[in-house]
Amino acid sequence: MSTPVSAARAGWLLMRRDLRLAMRRPGEWLQPLGFFLVVMTLFPLAGNPQLSRLRDMAPAALWVAALLSSLLALEFLFREDGQDGTLEQLAVSGLPLSWLLLAKTCVHWLLTGLPLVLVGPLAATALGAPYASIPGVLVVLLVGSLALSLIGAVGAALTLGLRRGGVLLALLVLPLAVPVLIFGARASALAIALEPMAGSIYLLGSIAVLSATLAPLAAAAAMRISLE
Amino acid sequence: MAWIWFHKLGSPPHFYRLAGRMTPWFAWPALLLCLGGLYGGLVSAPADYQQGEGFRIIYVHAPAAWLSVMIYSAMAVYAAVGRIWRINVCHALAASCAGIGASFTLVALVTGSLWGRPMWGTYWEWDPRLTSELVLLFLYLGYMGLRSAIDDTARADRASAVLAIVGAVNVPIIHYSVTWWNSLHQAPSVMKFGKSSMPASMLIPLLMMLLGFTLFFVAIMLVRARGEVLRRERGAQWVAEAAVEA
């Protein structure tokens, strides 16, 4: 047994480990991004491809695609570590599990959320959003995708190791993500219309802060149950 | 010493007997109140001057909508109590709440859309209150789905308790986000009931129905919780003795 590690350092080490593991398998964490782009492509194909019509649909398309792809990405959050026993080790390490899960969720967001944040505004311009709206949409996606990852972590921890986990995860997480979807789509619509969107961003930000505070605690409680 | 009654409630045989004895005390007043409320609401109350006879569905809709939210809160409280003090009976109560709450949510949705047909001209309007009822139904379905996905009862209890508590934190957020979303999108087109205060001939039947539905819920919950306790304790000695008695 080496010297005890502080919680902050353990979180940092865990983030580095997760990042390094993910870098060796880039295909896995890039899949949600590909899924996001495919879903975004489906909207013009299924609807009216005129840019003026698409512009009205762009915020809805952006957020439905972002929500679905973040749901898909949740598969990768705990699955590998649950199968090889890493999560048990984290749970019995004596360090605060909620903190470690927060670190894991942050890495997960860096890998699956951040690419979406960077590509999302460009995809929105393809649906008719003006180029001047890119920074605004980027900020909205940045705040909103963080909240989605944090809320999703609770669902992923609850359904870890269940047989019909995937569909159930969607049923658990999607209703809880409704506020993020509403405010995110509203803020994106304002950004695309080049109108001030501070109010919606504040609401979205407060949801993100609330989830960052409470979701790791709930995820840790759920994780301990799933690991029994 | 003062807490002995509380711990006694947590003992399954004691709860089973007590719940069995209490059920009629809730069921009969519920039946009488509902019959009285229905008579008052459907027969003796005057038709609304704006909405005509169509308003009478409020006597079913409003109690169902109230219960759909109230039962979710009750479920979350039972789940939290069961989780904190590790009381199995509370988990059984939470489990029996879910199905009843989902049913009342469905009733509120159906009656709301039936009311919407003459009032809005369409069965479904994305009205904030109907929309948040719909999301609440999804929350109930998720809770029941999680429960049924876990075979081990003790584990299902604890996992669904976490979900119920997370959901209870989210219910007000979802409600207000849906309300704001609609008011941001379009001018509110909902006809408000309560602006001019209701005359007593309309209000008293409504209050009777509210109380009657609530008592009915408690009675049904106790019946279902008794069944749930029996299922959980099926190997225990007292269950065999209770079966011989009955």
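A disulfide here is a pair of cysteine sulfur atoms within 2.5 Å. Over all chains, the search of the whole structure finds zero disulfides. B:Cys34 counts as buried because its relative accessibility is 17%. A:Cys106 is partly exposed, with a relative accessible area of 29%. The cut-offs are under 20% relative accessible area for buried, over 50% for exposed, and partly exposed in between, with a 1.4 Å probe and protein chains only.

The model is predicted: local features need pLDDT of at least 70, side-chain atom pairs count only at pLDDT 80 or more, and totals for chains, interfaces and linings use all residues. Residues are numbered from 1 along each chain as its sequence is written, chains are lettered from A and ligands numbered from 1 in the order in which they are written, and side-chain values use heavy atoms, with hydrogens and water left out.

### Confidence

pLDDT is the predictor's confidence in each residue, from 0 to 100. Chain A averages 90, and 99% of the residues score at least 70. Within chain A, the lowest confidence falls in helix H4 (residues 75–83), at a mean of 86. The highest is in H7(A), at 94. Where pLDDT is low, the predicted coordinates should not be read in detail.

### Helices

Helices are DSSP runs of H or I with at least four residues, strands are runs of E with at least two, and both are numbered from the N terminus. Chain B has eight helices and zero strands. From the N terminus on, its elements run α-α-α-α-α-α-α-α. The C-alpha trace of chain B spans about 60 × 40 × 30 Å along its principal axes. Of the 246 residues of chain B, 47% count as buried.

Helix H7 of chain A covers residues 134–158. Its 25 residues should span 36 Å at 1.5 Å a residue, and its end C-alpha atoms are 36 Å apart, which agrees. The expected span is 1.5 Å times one less than the number of residues. H7(A) is mostly covered, with 19 of its 25 residues buried.

H3(B) has 27 residues. From first C-alpha to last it reaches 38 Å, close to the 39 Å expected. Just after H3(B) comes B:Arg86, with a positive phi of about 55 degrees. B:Arg86 sits in the loop between helix H3 (58–84) and helix H4 (88–120) of chain B. It is exposed, at a relative accessible area of 69%.

Chain A has a positive phi at A:Leu194, near 60 degrees, in a residue other than glycine. A:Leu194 lies in the loop between helix H9 (178–192) and helix H10 (198–227) of chain A.

A:Leu42 belongs to helix H2 (residues 26–46) of chain A. It counts as partly exposed, at 45% relative accessibility. A:Leu42 and A:Leu122 are 80 residues apart in sequence and 16 Å apart in space, C-alpha to C-alpha.

### Cavities

Rolling a probe the size of a water molecule over the atoms shows where empty space is left. On a 1 Å grid over the protein atoms alone, a cavity is a set of points where a 1.4 Å probe fits but cannot get out; lining residues have an atom within 4 Å of a point. Grid points are joined across faces, edges and corners, and a volume is the space filled by probe spheres set on the points. The count comes to six cavities of 30 Å³ or more.

| Cavity | Volume | Lining by class |
|---|---|---|
| Largest | about 80 Å³ | five nonpolar, seven polar, no charged |

Ala, Val, Leu, Ile, Met, Phe, Trp, Tyr, Cys and Pro count as nonpolar, Asp, Glu, Lys and Arg as charged, and the others, Gly among them, as polar.

Lining residues of the largest cavity include A:Ser69, A:His108, A:Trp109, A:Thr112 and A:Ser145. Helix H3 (51–73), helix H6 (97–126) and H7 of chain A give two or more residues each. H6(A) provides the largest share, five residues.

The second largest cavity is lined by residues of chains A and B, among them A:Leu171, A:Pro175, B:Tyr72, B:Phe138 and B:Leu163. Helix H8 (165–176) of chain A supplies at least two of the lining residues, as do helix H5 (128–149) and helix H6 (153–185) of chain B.

Key. On a 1 Å grid over the protein atoms alone, a cavity is a set of points where a 1.4 Å probe fits but cannot get out, and a pocket is an open set with protein on both sides within 12 Å along at least five of seven lines; lining residues have an atom within 4 Å of a point.
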